[in-house]
Amino acid sequence: MMTILGVPAPLLFGQLLLGLINGAFYALLSLGLAVIFGMLNIINFAHGALFMTGAFVAWMLLNYLGIGYWPALILAPLIVGAFGLVLEKLFISRLYKLDPLYGLLLTFGLALIIEGLFRNYYGSSGMPYQIPTALDGAVNLGFMYLPKYRGWVVIAAVVVCFGTWAVLEKTRLGATLRAATENAPLVQAFGVNVPRMVTLTYGGGVALAAFAGVLAAPIYSVNPNMGLNFIIVVFAVVVIGGMGSILGAIVAGFALGIIEGLTKVFYPQGSATVIFVVMAIVLLIRPAGLFGKTA
Amino acid sequence: MSLTRRTLLGSAAAAAALPAAPRARAQQTSIKIGVLNDMSGPYRDLGGLHDVACVKQAVQEFGPKGFNVDVIFADHQNKPDIGAGIARQWFDRDGVDMIIDVNTSSVALAVNQVCAEKNGAYVNVGAATTDLTGRQCTPVTIHWSYDNYMLAKSTGGAMVKAGGTTWYFITADYVFGKQLEANTTRFVNEAGGKVLGSSLYPFPGTTDFSSFLLSAQSSGAKVLGLANAGADTVNSIKQAAEFGLKKTMKVAALLMFITDVHGVGLETAQGLVLTESFYWDLNDGTRAFTSRIKSKMAPFYPNMVNAGCYSGALHYLKAIADLGAAKARDGKAAIERMKAMPTEDECFGKARVRGDGLLLVPSYLFEVKAPAESKGPWDYYKLLATTPAGQAFEPPDAACQLNHA
């Protein structure tokens, strides 16, 4: 059998592919965070909790209303996104004039409350969520046995990530949004309702998290702690990509998923730390992150 | 205020009555039991508040025997420093007499130190580490229900006998997982089997096991040994099924509770072999206990840790009634009395606590039923084999100083 650095080649390819799948989640989550930070200057610590809420909403739709995976993939982000609009209107919008640390504290508190509520009602073992029948089963790739669903996750994440990037970078709406972050009063002077745009941006970022949550539901059990496991890593990803950089978040998300996957082959104990080591190195060499603009 | 004869007499009478009050309170001693475990993380559903309910059940059934019993509880968050801090505060400030449960071996060992230092009684139920009655045994510690050695011997031994001669482990990277892997490796080697490799994964915080599963698969081993517990085991088994591991490997869940089987679902869990020292549908006693407790821990049924909390607390109360509640403060005396008295309850039947603090109960090897075989709620296990109390656990460990006396 061919080996690369002492590891059988099929195993290495398999791990790379798995890294890419995890990277898909990192990319989707860090994308939402980057959008929110870029537009609102809010460090949204509630992102992990809202990701988890997305998974739970999908689970509830199925178990209480009998609505399956495919409609949930649209409905759950809409519902959680609407919840995000309420959060923004009620709480977050009051903090724009203050130091970003207040936003961090507020969203962190919201995350604890949301997660605590779910834990109280649903426990921590997780609720099973079946893979949709169309994607059940697996494909034998020769070097590994790839569950069809995981392949779908990568495709869906890539499409959504680059769709979002295209909207923000290539459309008129995106241009207005970016202009509003640069100079809100001037954009407002052109007759654009900036506060409403900001609210919708937050809702959109949250909807992305919920979308990732629905994608994750069949893979990880739907669990109140599922966001907790992601959020810190995803913050590191955003920092590595460059705070507020959309493309940086996407590229860093996939790249770090792969790096983490490789660590799991060579030194599994280090797989929880490797992302932070990369973050430290990146911050030393490029303090603004890989794609960040130096102020 | 003018002083009249009436007020003078009244206050004199009150003064005469005063010394009597503290004396009356001293006779009515109260005992405080602290339940310490993971109430928010991966082990919440196998212990958590269910263990608190079981301890309270023991208190309620024991009834008033001349002293009050208070039960308090806290979440150690699987962090040894937090667990040890709570234990210290309980003994120093809150007047706790006995700490029970403490799952998560790393926390269990930290609390063990505090109890020894403070002379507080310690009945560990939830942790698996054999160090509690081995290298780190203390005169104030008793270990209930199960341990790593008993799991490794029962499940590991049975798997090798059934032809599972080559193993790959997925192991939680802390004292519990490593020890369970080491103990199982011993039994695999003794039976002529071989361990081909293992992946240590960071605990807590790992939810995706696919990379480790892939490594296991490419090792070519016949058995996948899961040296983990709770939600981690649930996720490992589900993902093993997803990646088609069950076609080429047999899964040995070295520590799996009925609550985990419930989490996985019979469809995926069927055919798994596991070991517990308690099953709700084992005999009339276990069924009677379950019928009383299940409404207090709905929707769950008790596992061996829940039952152990009931049984351990009940035996402690019997020992305290025998010793006299006034002496409950002395953890060593309470634990000595627990060792001197044989145990008996509906969950584990008759048993005894060995000198080093290990409760000797039989271990049962179960197979998880297929969905078609399951007749009702939580009808999950088929009994495959019973290891009698004398053989289920490790012989007294020379590393424990209590075994030299």
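Analyst: A residue is buried if 20 or more other C-beta atoms, placed from the backbone, lie within 10 Å of its own, exposed if 12 or fewer, and partly exposed in between. By that count, 51% of the 295 residues of chain A are buried. This is a predicted model, in which local features need pLDDT of at least 70 and side-chain atom pairs count only at pLDDT 80 or more, while totals for chains, interfaces and linings use all residues. Residues are numbered from 1 along each chain as its sequence is written, with chains lettered from A and ligands numbered from 1 in the order written.

The C-alpha atoms of chain A occupy a box of roughly 65 × 50 × 35 Å along the principal axes. Chain A has 11 helices and four strands (DSSP runs numbered from the N terminus: H or I of at least four residues, E of at least two).

Between the chains, 29 residues of chain B are in contact with 30 of chain A (C-beta atoms, placed from the backbone, within 7 Å). On chain B, S7 (194-201), H8 (210-219), H9 (230-242) and H11 (258-264) each supply at least two residues of the side touching chain A. H8(B) gives the largest share, six residues.

The part to examine is H9(B). Its 13 residues should span 18 Å at 1.5 Å a residue, and the end C-alpha atoms are 19 Å apart, which agrees (the expected span is 1.5 Å times one less than the number of residues). Because 12 of its 13 residues are buried, H9(B) is largely enclosed by the rest of the structure. Those buried include Asp232(B), Lys238(B) and Glu242(B), as well as Val234(B) and Ile237(B). Just after H9(B), Gly244(B) adopts a positive phi of about 70°.

Methods
Two residues are in contact if their C-beta atoms, placed from the backbone, lie within 7 Å.
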